[in-house]
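Welcome, and thanks for taking a look at this one with us.

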Amino acid sequence: MRIDIVTLFPAMLEAPLAQSIVGRARARGLVDIRVHDLREHATGRHRVTDEPPFGGGGGMILKPEPLAAAVEALRPAGSDARVILLGPGGRHFRQEVARELARRPHLILLCGRYEGVDERVSETLADEELSIGDYVLSGGEPAALVVADAVTRLLPGALGDGDAPARDSFSRGLLEHPHYTRPEVFRGVSVPAVLRSGDHARIARWRQLMSLWRTWRRRPDLLETADLTPEEQKWTDGFRQGRSPSDFLD
């Protein structure tokens, strides 16, 4: 898979993309991520990439010509690369969107900056706009890192454990179960006995149950669309009646 990121600030991206899971996936050739300086696609002596908005107002707007030149250089004629503008007006980036994008061979991510991007980029150049949340960032670079990380970890071989993505939070619409490691007791709080029991079937049931309980407590909105088994639905009904996970464990 290839991911091209177009930005005014390449240095914001290069170091993070060289680290951890993404860095290892790049080194192993599982994903080809390239960062491109938007100024290289601007024309003129000063390589201007932004201008004041028509109609007045504060801030600067990214010009459409440099972004168009960048996309045309990165997407040859007939290419099936998907061009994504990272900005607040797009659909929310969720795990199912990450899975959708991970199935594509080529992504081109355009990072917005300043007051915004000329609307004609969204209308004529980008295939879609994506937002990573309802808050204001200084630019699209953090969003590009989020998308690249979420997509890369879904690629075959990117994680040491091939089953790990299926257990991650949001993989089934639920939050992941709690995790514990050594020491067994930390500041008076012990690791749950079930995790030290060696009973793998009981541990699996506990994890399934606690995943649902954590979602019920922290993100009940996710349960409206989660893919629940009949047993999980029974547990959820029990939570609504005031029952706790311990009522279902044994």
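Is Phe 248 buried or exposed? Phe 248 is buried, with a relative accessible area of 6%. Please keep in mind that this is a predicted model.

## Aromatic pairs

Let us stay with the rings for a while. A pair of aromatic rings is described by the distance of the centres and the angle of the planes. Searching the whole structure turns up four aromatic pairs. In one of them, Trp 216 and Phe 239, the ring centres are 6.2 Å apart and the planes meet at 45°, so the pair is tilted. Trp 216 belongs to helix α8 (residues 200-218) and Phe 239 to helix α9 (residues 230-240), so this contact ties together parts that are 23 residues apart in sequence. Trp 216 counts as partly exposed at 23% relative accessibility, whereas Phe 239 is buried with a relative accessible area of 4%.

Trp 235 and Phe 248 make another pair: their ring centres are 6.5 Å apart with planes at 50°, so this pair is tilted. It links distant parts of the chain, with Trp 235 in helix α9 and Phe 248 in helix α10 (residues 246-249), 13 residues apart. Trp 235 counts as buried at 0% relative accessibility. If you select Trp 213, Trp 216, Trp 235, Phe 239 and Phe 248 together, you will have one aromatic cluster on screen.

## A charge over a ring

Another ring to visit is that of Phe 9. The charged end of Arg 39 sits over the ring of Phe 9, 5.8 Å from the ring centre.

## Strands and their partners

β5 pairs with strand β6 (residues 106-111) in the parallel sense, over five bridges, and Leu 85 has Leu 110 in β6 as its bridge partner. Together with helix α4 (residues 95-102), β5 and β6 make a right-handed β-α-β unit. Strand β8 (residues 128-131) also runs parallel to β5, joined to it by five bridges, and His 92 stands opposite Ser 131 in β8.

Elsewhere, three strands form an open sheet with mixed pairing, in the order β3-β4-β7. β3 (50-51) and β7 (116-117) are at the edges with a single partner strand each, so one side of each is left without a neighbour in the sheet. Strand β4 (residues 61-62) and β7 run parallel and are joined by two bridges, where Leu 62 has Val 117 in β7 as its bridge partner.

## Helix α6

At 1.5 Å a residue, its 12 residues should span 16 Å, and the end C-alpha atoms are 16 Å apart, which agrees. The buried residues of α6 are Glu 141, Ala 143, Ala 144, Val 147, Ala 148, Ala 150, Val 151 and Thr 152.

## Backbone angles to inspect

Most residues other than glycine have a negative phi, and most peptide bonds are trans. Arg 182 and Pro 183 are joined by a cis peptide bond, with omega about 5°; Pro 183 is found in the loop between α7 (164-167) and β9 (185-186).

Ser 20 has a positive phi of about 55° although it is not a glycine, and Ser 20 lies in helix α2 (residues 20-27). For Arg 47, phi is near 45°, again a positive value in a residue other than glycine. Arg 47 lies in the loop between β2 (32-37) and β3 and is partly exposed, with a relative accessible area of 40%.

Notes. Residues are numbered from 1 along each chain as its sequence is written. This is a predicted model: local features need pLDDT of at least 70, side-chain atom pairs count only at pLDDT 80 or more; totals for chains, interfaces and linings use all residues. Side-chain values use heavy atoms; hydrogens and water are left out. Rings of Phe, Tyr and Trp (its six-membered ring) pair if their centres lie within 6.5 Å; planes under 30 degrees apart count as stacked, over 60 as edge-to-face and the rest as tilted. Helices (H or I, at least four residues) and strands (E, at least two) are DSSP runs, numbered from the N terminus. Buried means under 20% relative accessible area, exposed over 50%, partly exposed in between (1.4 Å probe, protein chains only). A charge sits over a ring if NZ of Lys or CZ of Arg is within 6 Å of the ring centre and within 35 degrees of the ring normal. Two strands pair if DSSP finds at least two bridges between them. The expected span of a helix is 1.5 Å times one less than its number of residues. A crossover is right-handed if, with the strands pointing away from the viewer, the path from the first strand over the helix to the second runs clockwise.
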